[in-house]
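Me: I would like a close look at one part of this model. Please take me through the pocket lining, and then go on to what surrounds it.

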Amino acid sequence: MLFLQRLLWRLATTAVTLFGVAVIVFTVVRVVPGNPIAMMLPPGATDADVARLKALYGLDRSIPRQFLIWGWGVLHGDFGTSISLRQPVLGLVLGRLPATLELASMALLMAVLMGGAAALTATRHRGTRVEAGIDVTNGVALSIPDFLWGLLLIIIFGVLMPVFDISGRVSPDLKLPFTTQFYLVESVLRLRFDITADLLGHIFMPALALAIPLAAIIGQVLKQSLKETMELDYVTLARTKGYGETRVILREALRNAILPTLTLVGVQFTFLIGGTVIVERLFSYEGLGNMAIDAVINRDLPLIQGIVLCFALIFTGVNLVVDLTYAALNPRLRHA
Amino acid sequence: MSALLDIRNLSVALKGGPRLLRSVSLAVAAGEVRGLVGESGAGKSMIGKALLGILPRSVEVVDGQILLDGDDLLRLPPAERRRRIGQRAALIPQDPLTALNPAHRVGPQITDRLVDILRWPRARAEARALDLLAEVHIPDPGRVMKSYPHELSGGMRQRVLIASAFAAEPALIVADEPTTALDVTVQKQILRLIAEMQARHHTALLFVTHDLGVVSKVCQNLSVLYAGKVVEDTTVRDFFRAPGHPYSAALLAATPKYTDPDGSLTPVPEAVIAAVRAEVEAAETEWQHGRR
């Protein structure tokens with residue numbers, strides 16, 4: 001039952017967090033210079049035209065009052081209407097969210113596989129040149145940011161050896177018989193592997209660009225943690241039982257060493273989601289981040305607010321999942 | 001008769017550095033309980049570690065043989081050596097609080113060797129583990145099997161580790177100061193338990209300790225180690241009656257006696273230490289020469 005208490009407590013703090021985020025975003029987009037009205041009117045519009053449009057979007061009222069109106073709507077599921085796209089914000093965000101979730105999940109999967117493999121290999125060969133080589137690779141991977149990796153990948157796999165698609169989420173000539181926006185998931189479920197292959201060809205590079213720095217962090221932290229665990233008494237005892245080095249690492253050390261890594265991966269994963277904004281732009285990937293940039297350029301206030309709230313929800317959700325996984329993996333926390 | 005364990009001229013050194021064990025020879029017969037005593041840093045734990053193949057990475061065997069059942073462990077291929085050690089030998093570790101894996105339940109930590117290394121069917125291994133937990137006087141073995149280590153007390157965990165050490169019916173168990181980390185009240189029980197288990201299973205025991213009181217209660221024979229060298233190899237009875245080596249005599253004299261609670265503690269005399277030191281240094285210089 002303590003588990004349930006924990007969950008409820010986390011949900012309560014999540015609500016407070018989201019409220020804070022909403023207040024800050026709402027205020028900031030209204031205080032910074034530039035406004036959507038100026039973007040919409042042709043040059044030479046009169047002050048009267050400006051005033052009329054302002055009144056139409058409710059921008060003539062005080063900021064607290066605007067917030068109350070918007071907040072009341074949000075509580076009732078109405079996130080307002082995008083100024084530039086003239087569609088409900090909720091529908092726009094929900095339409096793009098699956099693309100970003102698929103991209104981020106794919107990147108996370110790649111990062112865990114690459115980082116995990118690097119950490120295990122380095123631990124298995126600790127103290128040798130193999131470990132030194134992995135350390136150097138990790139250092140390089142970490143010191144280049146995700147969008148630069150994106151450019152590098154475009155040069156390598158898009159220009160020099162054009163094996164992957166550099167632009168978009170899916171080839172535009174493909175007919176998609178899908179009912180949801182989770183293309184990758186749905187193509188697999190519907191056994192349309194031709195579409196899956198096309199989607200993977202598009203998602204590979206942006207996902208890899210996002211994954212490389214995270215993989216380096218996972219590799220470094222997990223390796224350190226594994227090396228420390230390998231010196232503990234219960235690992236030594238397992239050796240006397242007849243287990244070989246690889247078995248000892250996987251069976252005795254990994255599960256305990258993974259805990260500190262997990263917390264870090266949770267935090268870093270939220271950075272990765274932040275990174276999707278620019279990487280999606282780079283690869284013209286039709287996700288939330290790409291839409292966010294357009295929204296900012298157009299000063300589309302309701303859309304910016306909706307997207308930021310959505311990101312905030314993802315961040316808090318990821319942290320919640322990490323917390324719960326941590327408890328599940330660590331028997332000492334389960335009953336505590 | 002050939003011994004179960006026969007360590008011959010074993011030298012262990014820090015990689016590229018001085019020797020920690022200097023030509024140690026030591027034999028343990030089947031069913032024998034041999035104490036291995038010495039002060040901190042004498043290298044007594046190092047012998048057990050070398051034999052079980054768990055020397056720290058900074059340390060290596062530079063010379064000698066470790067014969068178990070007549071085969072030199074140091075000459076066996078690594079996989080075969082590990083299997084042989086897992087099958088024929090076991091360790092009762094010093095600190096029960098750190099020697100059990102916090103992520104696994106207790107049951108699998110007793111049965112793992114049987115299932116994974118000796119290829120027993122799981123059900124048979126579990127039945128064996130239940131029997132062993134009952135043998136080490138753990139009430140409700142079924143519940144303990146399903147517990148995590150953090151749910152058990154230190155004394156209980158040491159009992160689990162003793163059960164685990166006896167699981168594969170090994171011929172030799174190394175007990176590395178198995179009571180040092182325990183509460184004084186629990187120490188006696190655990191000591192009695194180890195003696196009891198040893199007698200029932202006729203397992204040879206290499207009992208590493210710095211406590212001569214423990215040796216007098218549990219062991220038949222003992223080897224006294226000083227500065228990485230065996231300075232005396234004798235029966236417990238002879239040792240307490242008339243220790244042969246001056247260091248042994250000094251060590252015995254240094255042990256506080258309950259019969260004389262007001263008596264001041266007697267340190268090992270400087271002269272004895274100096275004499276042994278000189279002997280060590282001479283031998284070490286000679287060894288270094290031989291190496292070049």
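How do the residues of the lining of the largest pocket divide into nonpolar, polar and charged?

Reply: This is a predicted model. The lining of the largest pocket divides into 18 nonpolar, 6 polar and 13 charged residues. The pocket itself has a volume of about 1100 Å³. It is lined by 37 residues. Closest to its centre are Arg239(A), Gly53(B), Ile54(B), Leu55(B) and Pro56(B).

Next, the elements behind that lining. Chain A supplies at least two residues from helix H10 (233–240). In chain B, helix H1 (44–52), strand S4 (59–68), helix H2 (78–88) and strand S7 (172–176) each supply at least two. H1(B) gives the most, with 6 residues.

Now the contact between the chains. Chain B puts in 27 residues and chain A puts in 21 residues. Together they bury about 2300 Å². Of that area, 53% is on carbon and sulfur atoms. On the chain B side, Arg57(B), Arg82(B) and Pro102(B) lose the most area to chain A. These three together make up 22% of what that side buries.

Charged and polar pairs also span the contact. There are 4 salt bridges between chain B and chain A. One of them joins the side chains of Asp112(B) and Arg251(A), at 3.6 Å from N to O. Across the interface, 11 residue pairs are in polar contact, with both residues at pLDDT 80 or more.

Which helices carry the chain B side? H2, helix H3 (106–117) and helix H6 (154–166) of chain B each supply at least two residues to the side that touches chain A. H3(B) gives the most, with 6 residues. By class, this side has 13 nonpolar, 7 polar and 7 charged residues.

For contrast, take the second largest pocket. About 840 Å³ of space lies in it. Its lining has 30 residues. His210(B), Asp211(B), Leu212(B), Gly213(B) and Val214(B) lie nearest its centre. In chain B, helix H7 (184–201), strand S8 (204–209), helix H8 (212–218) and helix H10 (246–254) each supply at least two lining residues. H8(B) has the largest share, 5 residues. By class, the lining divides into 15 nonpolar, 9 polar and 6 charged residues.

Terms used: Residues are numbered from 1 along each chain as its sequence is written. Chains are lettered from A and ligands numbered from 1 in the order in which they are written. This is a predicted model: local features need pLDDT of at least 70, side-chain atom pairs count only at pLDDT 80 or more; totals for chains, interfaces and linings use all residues. Side-chain values use heavy atoms; hydrogens and water are left out. On a 1 Å grid over the protein atoms alone, a cavity is a set of points where a 1.4 Å probe fits but cannot get out, and a pocket is an open set with protein on both sides within 12 Å along at least five of seven lines; lining residues have an atom within 4 Å of a point. Grid points are joined across faces, edges and corners, and a volume is the space filled by probe spheres set on the points. Helices (H or I, at least four residues) and strands (E, at least two) are DSSP runs, numbered from the N terminus. Ala, Val, Leu, Ile, Met, Phe, Trp, Tyr, Cys and Pro count as nonpolar, Asp, Glu, Lys and Arg as charged, and the others, Gly among them, as polar. Contact means heavy atoms within 4.5 Å. Buried area is the accessible area (1.4 Å probe) that two parts lose on being put together, summed over both. A polar contact is a pair of N or O atoms within 3.5 Å; within protein, one must be able to donate a hydrogen and the other to accept it, and residues adjacent in sequence count only if both atoms are side-chain atoms.
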